[in-house]
Amino acid sequence: MFGQNLEVQLSSARTEDTTVVWKNFHDSITLIVLSSEEGTSELRLERLLQMVFGAMVLLVGLEELTNIRNVERLKKELRASYRLVDSFLGDSERIGDLTQCVDCVVPPEVSLLQEALSGFTEAAGTAFGSLVVSGRVVAATESWWRLGTPEAVLLPWLVGSLPPQAARDYPVYLPHGSPTVPHRLLTLTLLPGLELCLLCGPRPPLSQLDPQLLDRWWQPVLDPLRTCVPLGPRALPAGFPLHVDVLGLLLLHLELKRCLFTVEPSGDQEPSPEQRRRLLRSFYSLVTATHFPPEPGTPEDKVEDAAQRAQVPRACYLVSGPEEPGTGWRLVALQLGPRRLLLLVSAQSPTHGLRSLATHTLHALTPLL
């Protein structure tokens, strides 16, 4: 506030052990985040604030946040967003809050599920439908994939953060597409942990989605649906050929704004899944802020000239932990066209082979995303 009076914009500050980042939205709401987590990047905290504001708009609408008539009433209404906001602050198994890409999983028989989903959404009278397992998208209609940021990330995340229910009829605003007029998010549990989501207007009523309609479209694909349930944290189909040294991976498609994130390979080795997620999240923040260009569509990207673009690095790696040979986990990032791959690799993998390992892994994953 002191800086503002002097026309100085101050966006972050650091103490010995804490990083503070704040952001003002629409000259109405200021959000402040403090983190004492070691190595926390400002990029991560800035994106966290964007997601938190997106969650507030998603559940109470932009009008309520920019034209505040009664602060106490707004505070009560914002309680609806607490569970979603808490899920960003915890140690999530997903990464869309940081990458701003939709967390996806790859089922073995995606074409069958896609066909059933398209048929069902058409019969229900909406163009927007998706299958969500543990907050990750298994399959979605073309219109659902065209949803803007941040709602494309927020909607499955919201579904993954809510307590299990057989069916829901939930009012939501779309922060990018419809921030002042609410839509309805209908969810139906097909199997424990696997939900069918529809985004629609006043119609259809939830009662219209009766068991007969569900059975007609989903009974024939019950077995493919069952194979999706364990995919949550694994993201990749069982038996997918990954090198034995790969302990975790993050694959981003920067144009489609989708990502695959898993720390399940070689699950019994050190480090723990929580630590693997932390390492990959920190590495993503580092390479995005310092090595690779901003993701397509950001203002910085538009002003970058062709000469600078020619000097963009294609790959980088980092050794985390002790420096003795054969110790310390390796992290490698590779950018090829619209895809960016980050790998966490075990200590026994030689550093001179990291680029080759990443290239082979990226080629194997390319058909999936």
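A: Contact here means heavy atoms within 4.5 Å. The model is a predicted one, and with that in mind we can begin with Thr126, which, leaving aside its neighbours within four places in sequence, is in contact with Thr121, Leu198, Leu199 and Cys200.

Q: Where does Thr126 lie, and is Thr126 buried or exposed?

A: Thr126 lies in the loop between helix H7 (110-124) and strand S5 (128-133). A residue is called buried under 20% relative accessible area, and because Thr126 has 11% relative accessibility, Thr126 counts as buried. The side chain of Thr126 also reaches the backbone oxygen of Leu199 at 2.7 Å, and Leu199 is one of the residues in contact with Thr126.

Q: How should I read the length of helix H13?

A: The expected span is 1.5 Å times one less than the number of residues. Helix H13 (residues 273-291) has 19 residues and should therefore span 27 Å, which agrees with the 26 Å between its end C-alpha atoms.

Q: Which residues of H13 are buried, and what does H13 lie across?

A: An α-helix has 3.6 residues a turn, so residues three or four places apart point the same way. The buried residues of H13 include Arg276, Leu280, Phe283, Tyr284 and Val287. H13 lies across strand S10 (246-253), strand S11 (258-262), S12, S13 and strand S14 (339-345), and runs at about 135° to S14.

Q: In what order do the strands of the six-stranded sheet come, and which are the edge strands?

A: The six strands form an open sheet of mixed pairing, in the order S4-S11-S10-S14-S13-S12. The edge strands, each of which pairs on one side only, are strand S4 (102-103) and strand S12 (315-320). S12 pairs in the antiparallel sense with strand S13 (residues 329-336) over six bridges, and Tyr317 has Val332 in S13 as its bridge partner.

Q: How are strands S1, S2 and S3 joined?

A: Strand S1 (residues 12-14) and strand S2 (residues 19-25) run antiparallel and are joined by three bridges, with Ala13 opposite Val20 in S2, and a hairpin of four residues leads from S1 to S2. S2 in turn pairs with strand S3 (residues 29-35) in the antiparallel sense over seven bridges, with Phe25 opposite Ile29 in S3. Three residues lie between S2 and S3 in their hairpin, where His26 in the turn has a positive phi of about 55°.

Definitions and conventions: Residues are numbered from 1 along each chain as its sequence is written. This is a predicted model: local features need pLDDT of at least 70, side-chain atom pairs count only at pLDDT 80 or more; totals for chains, interfaces and linings use all residues. Side-chain values use heavy atoms; hydrogens and water are left out. Helices (H or I, at least four residues) and strands (E, at least two) are DSSP runs, numbered from the N terminus. Buried means under 20% relative accessible area, exposed over 50%, partly exposed in between (1.4 Å probe, protein chains only). A polar contact is a pair of N or O atoms within 3.5 Å; within protein, one must be able to donate a hydrogen and the other to accept it, and residues adjacent in sequence count only if both atoms are side-chain atoms. Two strands pair if DSSP finds at least two bridges between them. Axes are lines fitted to C-alpha atoms, for helices over the stretch in contact, and angles run from 0 to 180 degrees between N-to-C directions.
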